[in-house]
Amino acid sequence: MTDRTTIDRTSHLELEHHEKTFLDSNELIINMGPQHPATHGVLRVILKLDGEKVLGTECVIGYLHRGVEKIAEHRTYTMFNPYVDRMDYVAAVSNGLGYCEAVEKLLNVEAPRRAQYIRVVLTELNRLASHMLWLGTHALDIGAITPLFYTFRDREEILKIFEKYCGARLTTHAFRIGGCSYETYDGFEREVKKFLDFVTPKIDEYEELLTTNRIWVERTKDVGKISAKECIALGVTGPVLRASGVKWDLRKAQPYAAYPDFDFEIPVGQNGDTYDRYIVRMQEMRQSLRIIDQAIGKIPDGPIMAKIPKVMKPPVGEIYHSIEAPKGELGYFIVSDGSTQPYRVRVRPPSFVNLQALDMMVRGALVADVIAVIGTLDIVLGEVDR
Amino acid sequence: MISRLKGQHGSGIREANTYLGQKYVVADSSLIPELLQVLRDQEHFDYCVDITAVHYPDREKQFEVVWILYSFPRNERIRVKASYAEVESVPSAVPIWPTANWLEREVFDMFGIRFEGHPDLKRILLPDGWKGHPLRKDYGIIQQDQEWVQINLGIESGQ
Amino acid sequence: MAPVATTFFFYFLSALTVLSAVLVITRKNAVHSALALIVSLLGQAALYLMLYAPFVAGVQIILYAGGIMVLFLFVIMLVNIEKSQREDQFNKQWLVGLAAAIALGALFVLVYVKGRALFPDRAIQMPEQSNTQQVAVLLYGNYMFTFEIASLLLLVAIIGAVVMAKKRI
Amino acid sequence: MLDYITSYLNSDTTPGSAGNMFWAFVYIILIFLGLSVAVIAMNWLERKILAHMQVRLGPMRVGPHGLLQPIADALKLLIKEDIMPSQADPLVFWVAPLMVVITSFTVFIVVPFGPTHAVTDMNIGVLFMLGVSSLSVLGVVMAGWASNSHYPLMGALRSSAQMVSYEIAMGLAVVSAVLMTSLNKDGTGTLSMIGIVQAQQSQQVWFIFKFFPLGLIAFFIFAVAMVAETNRAPFDLPEAESELTAGFHTEYSGFRWSLFFLAEYSAMIAVSSIAVTLWLGGWMRPFPNALSGETWDLVFSLVPGLTFLFLAAMTFYSTARMPKHPYFKVQTIGLGGFGAVLALIGVALFVPPVRDRIQDIFWFSAKVALSMYMYIWYRGTFPRYRFDQLMKVGWKVLLPLGIGVLVLTAIAGILF
């Protein structure tokens, strides 16, 4: 383990007094957030600055805490299902998938093939939507205002498909425990295919705007570097981990749903800087398109719901199930006491754990880098605070 | 692996089993620091996925703390569980996995379990002055720290 | 450029300059002092304009008001104002200062009275158009050596500042 | 009195040089009004152009195609509560926006819209413009400090460092252009704005093309530095929204804030007009050499009127495409009326005396407008620089480049 990840980094703001000359100016404590254009919601970061240089940060979170885990203990398994959508609200489908699969495992049932294919299509569409939202806001944070509108335009098409499928755009509640509650609508496959043709050139368009843009490269290269070792030590997962060079994706490592059927790559970076994370996410968007393209052509016929009891009473026991959400490993740890309500539901949110790396990534950097790093970590405060 | 662990620590390992294909180890609370260290250094569980707790008010030792670990080289998960009474404090895993920092703070916030050796143990999601630990079973779902709400928000009740 | 209300503007600008110069030393708040100094410098620039020295006026605005005063403010902003406000503006040496000021003033008056013959009754009518060129000719012709020495001095000062500010080079 | 007024009309110089107070005053009022209209138009245009670059419509609600949006905004700002933070320094807080506005308007005294269309022609015109516009940084610094808050303070620190650094590169570029003026037949250079354009006229070349590529590089340096001077994207660090919320004017609201807004846009116009004067031939029409002769003069003199007629035609086209619903009746009539006004102006511009008088102003404004369009384009395209990168560009790229261009221009001036 390297020095940076050892405990001293947590001694918040009481930092070592470096040698001072009479020219050193006062240290500045800045309160960034909870209302700030670039903290993606209600994150509050207390920055300790020497001029523009960041000496230390402390994240204050919890402004959006709704006690999701407590609510779960007072709802039945089915009733809790819509609540998970409200955590990572830009990737609601992934949240639902993780929860449904965890409960299915606990019940020892498996969703039918058709349902699993639909799940994969919708989840990958959601991954695209999440990455698009990330790209737009991240670019906006760095000062490029145009990509935001491009990505929102294209994300809209995904949301339209969701809306047609289940009636909701953001907090979809698309899946049920045991499968999907809705059959695909007429022309679902055609529309998804049309969307694929529509969006592929658009991703090239984003890349044209940013990938070789000098200012973009200067702003992101070598900013917020994090090595693979540090990532693992800090539990950072998802594109951030992959950008540091670890070829690890739960869809491949511990496949779930219908993912083993599909052929796709895990894009990795080398430097673990903001630019690599950008490249990795852009590649992931293309891989998602690849998965959707494979899945949409061969959705099998059959039922969409497995046989599950009307009143769900999983046997006493516990389960930990995790999926690869757009932001990293999203895990559900569910303890059942044999009743209709879960005894304990623990959500392992990727944003929460990834956010912990912020302090280490921005020490010694400039204020502008803090913004870039918050953007590149791709956090959703609903999920951080739950 | 489990047999190896059992051979090394003998009676400290209460139970080592799989449920629905997932391995878990129930260990004696006194064994936990050593066990976690061994799991990381010798068994290559280099990634601490999650630390959480479950509250069983009826048991003698009310809290069951759960460490969910993952090994990148082995592509394998394991859950380590140990029971603690309310007065007991749990050894912090921060020296072993830095990621434990916020996870333990959350467990402290939600259950009031103290972690021995944690560098900065304070509330993380709830406000600093809040009374009570909401994920305990005796904490009602609509219960609030009314005093805090009245002082800090200037309203009668948050309901 | 036909001058308009010369006398009025002269007294107006002079009063402005002197008044703000007094404010510079009497204000407790350093930022207010700096602002008064800016006004004073701008007043001087306007006086230069009245003397048909537009180049000097322009340089005065760019260098002093625009450049140096920005750096002044830059530094003052980082100083703890509340602390400096509590400190006494005039310490015990104000008597000495006053004496020095009076001595200097007396010297000026003396020079003016004694050497009256040297001062023309009216300001010399400067050539209006090619003023800037004359400055250049003098600066890069007659006073070339002095000019170069001054620039060398400034170079040394820059290097010195860099050395002092940087901990490691 | 009437003689005093009419006597100027026959003189062939600016009111300032003629010493005519009345006409100088009239010009000041005209410039002030024109500038205000330009800022309003710029506000609308920026939002519209930026919107269309970003696949959206921009303001569409207030008036047809949002034409009245800037006016509505201005009204809103005027009647908004004027908030001053309780811990702020009232005097400095009050003076800061005034400082910024006054400096950015004062600059226009020497801007030559035509050979006689300037308030006055100072013989240190360029120096005056640079000097006065450099004073606006004082206002920014004062605003940042007086707010007594950290974000504005950081914005002020950034902007003071930024403006001071870029002024140097800017100055070097300007000096190399001024150096070119001394290559007249009589061998005397000038700092006067009108003199610089006249030098380009007599040398029969815009300075951007002089000693190719030296003039071009100098123009490029100035073009970069002027964006930085005016705190616009990609150098908008002092007011970087995603970092410092709004930078130095975070604590300002209502009318005071609108003063900053006004100052920012008029400063943009001011530096653009320096660039136009120094490198793009000021009020001269394009291709004065290649397409010379009376016929071409006539053709180019028709361009202003044609431009307005074209705009009018576009407006009429939009009017025809308005929804036919009675709800839109007022808007349709308004848009039609706007088109009619444009057409009327266009027709008026064909009348020979007006045509001759207005030509210079038109070409000058057209060039400035082009530069303003570039501003909007930059904003739509570039991410923001980081502070250290900004300083690197200023000191390590533009400054050496500027010195090099200056030295080479001097050498070229002697050789050719």
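Two residues are taken to be in contact if their C-beta atoms, placed from the backbone, lie within 7 Å. The model is a predicted one, in which local features need pLDDT of at least 70 and side-chain atom pairs count only at pLDDT 80 or more, while totals for chains, interfaces and linings use all residues. Residues are numbered from 1 along each chain as its sequence is written, with chains lettered from A and ligands numbered from 1 in the order in which they are written.

Chain B itself has four helices and seven strands, where helices (H or I, at least four residues) and strands (E, at least two) are DSSP runs numbered from the N terminus. Read from that end, the order is α-β-β-α-β-β-β-β-α-β-α. The C-alpha atoms of chain B fill a box of roughly 60 × 30 × 30 Å along the principal axes. Of its 159 residues, 40% count as buried, that is, with 20 or more other C-beta atoms within 10 Å of their own, C-beta atoms being placed from the backbone.

Over in chain A, three strands form an open sheet in the order 1-2-3, with antiparallel pairing; strands pair if DSSP finds at least two bridges between them. Strand 1 (28-32) and strand 3 (53-60) of chain A are the edge strands, each pairing on one side only. Neighbouring strands of the sheet are turned by 20° against each other on average, direction ignored. Strand 2 (residues 44-50) of chain A is joined to strand 3 of chain A by seven bridges, and A:V45 stands opposite A:C59 in strand 3 of chain A. Helix 14 (residues 367-377) of chain A packs on the sheet, touching strand 2 and strand 3 of chain A, and its direction makes about 150° with that of strand 2 of chain A.

In chain D, helix 7 (residues 150-181) meets two other helices. Its axis comes within 8 Å of that of helix 6 (residues 125-146) of chain D, crossing at roughly 175°; axes are lines fitted to C-alpha atoms, for helices over the stretch in contact, and angles run from 0 to 180 degrees between N-to-C directions. Helix 6 and helix 7 of chain D are therefore roughly antiparallel (over 145 degrees). Their contact has 13 nonpolar, six polar and one charged residues. With helix 15 (residues 387-415) of chain D, the axis of helix 7 of chain D comes within 9 Å and crosses at roughly 15°, so these two are roughly parallel (under 35 degrees). This contact has 18 nonpolar, seven polar and one charged residues.

Definitions and conventions: Buried ≥ 20, exposed ≤ 12 C-beta atoms within 10 Å, placed from the backbone. Parallel < 35°, antiparallel > 145°, perpendicular 65-115°, else oblique. Nonpolar A, V, L, I, M, F, W, Y, C, P; charged D, E, K, R; others polar.
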